[in-house]
Amino acid sequence: NSGAYMNAMEKVDGEWKVAGMMTNYDAPPAEDAMWNPMPEGDMAAATPRFPDMNAAYTAAFNAGDAAAMASMYAEDAKFALSNGPILEGRAAIEAAMAARFMPGATIEIHEVGSEDMGDGWSGGGGWYAITGPDGAVAQTGFWMNIVEVQDDGTPQIAWAITNARPGGM
């Protein structure tokens, strides 16, 4: 398999250190793949940096509205969506989202941390759970975004990565 990764870097005592890292694969893992378990209990919650964007993304996903979801990405955004190639551009993101929708599925997005990187840029990440129409958890995973705030104050996702595992793992 091949895939993508994103590192969150932090300057500590004048040196850049990896503060967080996420990887994913561009194809579904083998059936016998070993999964690290999701953390037990509640993960530390952050005060969301962009709560309106998180709420709008959740509402768009839950409505099956790929165009509304894609509108939150910059025109030239890059998105390393789990089990797929790196997507480039809002149109490719919209098409991939539309193809992946499961009618009746809902998502819960939990932001765990975010950082103001300066000059209108922020980084953030957390975890998500997708529940199928039958009420069972169909997928869980982690996400990281790099967001640029536009001149009008609107945040747009410039870079994103998710990884995913089947529900119940």
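A residue is called buried when under 20% of its relative accessible area remains, exposed when over 50% does, and partly exposed in between (1.4 Å probe, protein chains only). The model is predicted, so local features need pLDDT of at least 70 and side-chain atom pairs count only at pLDDT 80 or more, while totals for chains, interfaces and linings use all residues. Residues are numbered from 1 along each chain as its sequence is written, and side-chain values use heavy atoms, with hydrogens and water left out.

View 1. Helices are DSSP runs of H or I with at least four residues, numbered from the N terminus. Buried in H1 are Met 53, Asn 54, Tyr 57, Thr 58, Ala 60 and Phe 61. They lie on the same side of H1, because they cover an arc of only 165° around the axis, judged by the directions from the helix axis to the C-beta atoms. Asp 52 and Ala 63 are exposed, on the face turned away from the buried side of H1.

**View 2. The aromatic rings of Tyr 73 and Phe 79.** Rings of Phe, Tyr and Trp (its six-membered ring) pair if their centres lie within 6.5 Å, and planes under 30 degrees apart count as stacked, over 60 as edge-to-face and the rest as tilted. The whole structure holds 3 aromatic pairs. Tyr 73 and Phe 79 are stacked, because their ring centres are 5.4 Å apart and their planes stand at 20°.

Key: Helix = DSSP H or I, 4+ residues; strand = E, 2+ residues; numbered from the N terminus.
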